[in-house]
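Please examine the sequence and the structure before reading on.

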Amino acid sequence: MTTPLQVRVPGDKSLSHRALIFAALATGRSRIRDVLQSADVHSTAGVLRALGVPVPPLGGDIVIDARGARAMRAPTTDLDCGNSGTTTRLMAGVAAGCAFRSRFIGDASLSKRPMRRVARPLVAMGARVELEAGDGLPMVIEGGALKSIAWSSETASAQIKSAILLAGVVGGVAVEVTEPSRSRDHTERMLRSLGARVKIDGTRVRIEPAGELAPLDMRVPADPSSAAFLIALAILSHSAPVSVPNVCLNPTRTGFFDVLRSMGAAVTIEEGSEQGGERTGAVHASHSELHGVAVDESQVPSMIDELPLLACTGARARGTTEIRGAAELRVKESDRIATVVSNLRAIGASAEELPDGLVVIGGIAPLRGRVVTHGDHRIAMAFGVLGALPGNEIEIDDPACVAVSYPAFWDDLARVTRTLLSR
Ligand code: S3P
């Protein structure tokens, strides 16, 4: 058997945002290693600095000495969240519990994304929130004393859930959030590991008034959403197996690997240690003939960010791949249903939009053409994987947009492709 090619991918984006935010809310010295250094995480660091939190430059061993949310100061500038929905929505929860005014802004894509979904529960808790453009950004929050809330969210979204939980932590009040199905649960896990009382009952999460949060000591595991691209490449290319070590294997994040397996892919997981309340381990994958798959609403939250890649993978599988119950894709960094379908067609694959998903018919003909990413990092990388396969010729209009989550993506992809093909 060929020895697998080991490829490391950078730290998890969701965990990196949360590690910085919880270090800022804790009392004492937090230490965080392997934080993702990407544009989105820099946005969170920048917003925290604007609130007076001493966040050092990201990289290496990060040490943050914080004194809880009460030590945060009114910002003297707008809070620029760049392209990052996670920064905006999680920090909106923090700002709601702080007795000052914050104004959140972002780039053109983020400014169009729905913010009423976090504004509504924060207003119900007692914050004043103004959405200057109707929905989207700019968003002005006047925080202060908050009241307890039991919120039923219409959408399974970790960002909405986390905004409410963070408002509860900063406001010192109990909060309860119920979702239609379970979204990623990093916030709950981290809160628990820092001493908060968190109760989980199916899709309902409740936290009691948190008091002081203990400082964080954490190594951020690798991002399964970034690993997914190289795993898909290994499966689709007729070459050596790939192994990605130390990946966050939180079950609310690993749906893509499960679905790949149900398509016939040789994907195996080797459990490793636990890090900061999160399971980690290696993901191994090797070339496999895939057949199409049907993904429904219940599977969507655990692979929400991997759906563009699943659609691209489906374009190289036998038969039809159908994704339904994924209308949330329309309000991501781009309308990912429209973007994926129009780009698959542009390169010669067969795909169709559904109101809440899409259908792709797999094939083997070479795929050629130009992909318009609309600045969406996951679109660039998903089509980048197809472009790396022998016979395909795909140009990406804005390759630099990967800086949001995986700045070294093109270098890693080129290195892995070169090595795989030479074996
Ligand atoms: C994230 C939650 C998801 C995901 C995003 C990161 C998080 O968004 O798509 O990339 O870190 O909480 P939603 O909560 O809007 O589904």
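Domain 1 (8–219) and domain 2 (221–422) each contribute at least three residues to the lining of the largest pocket. The model under discussion is a predicted one. The volume of this pocket is about 650 Å³.

Four helices each supply at least two residues of the lining: α1 (13–25), α3 (85–96), α6 (158–171) and α12 (377–387).

## The lining residues

In total, 40 residues line the largest pocket. Those nearest its centre are Ala156, Ser157, Ile304, Glu328 and Lys332.

The lining may also be described by residue class. It comprises 17 charged, 14 polar and 9 nonpolar residues.

## The surroundings of the ligand

Which residues surround the ligand? They are Ser14, Arg18, Thr86, Arg89, Ser157, Ala158, Gln159, Arg184, Ile304, Asp305 and Lys332.

In Asp305, an N or O atom of the side chain is 2.6 Å from an oxygen atom of the ligand. For Lys332, a polar side-chain atom lies 2.7 Å from a ligand oxygen atom. Gln159 takes part through its backbone, where an N or O atom lies 2.9 Å from an oxygen atom of the ligand.

The ligand on its own has 380 Å² of accessible area, and the protein covers 95% of that area.

## Two details of the backbone

As a general rule, most peptide bonds are trans, and most residues other than glycine have a negative phi. The following two cases may be read against that background.

The peptide bond from Leu137 to Pro138 is cis, and its omega is near 0°. Pro138 belongs to the loop between β6 (128–131) and β7 (139–142).

Asp34 is not a glycine, yet its phi is positive, at about 60°. This residue, Asp34, is situated in the loop between β2 (27–33) and α2 (39–50).

Conventions:
Residues numbered from 1 in each chain as written. Predicted model: local features only at pLDDT ≥ 70, side-chain atom pairs only at ≥ 80, totals over all residues. Heavy atoms only, no water. 1 Å grid on protein atoms, 1.4 Å probe; cavity = no way out; pocket = protein on both sides within 12 Å on 5 of 7 lines; lining within 4 Å. Points joined across faces, edges and corners; volume = space filled by probe spheres on them. Nonpolar A, V, L, I, M, F, W, Y, C, P; charged D, E, K, R; others polar. Domains from an automatic or database assignment. Near = heavy atom within 4 Å. Polar contact = N/O pair within 3.5 Å; in protein donor to acceptor, adjacent residues only side chain to side chain. Areas by Shrake-Rupley, 256 points an atom, 1.4 Å probe, with all protein chains shown as cover.
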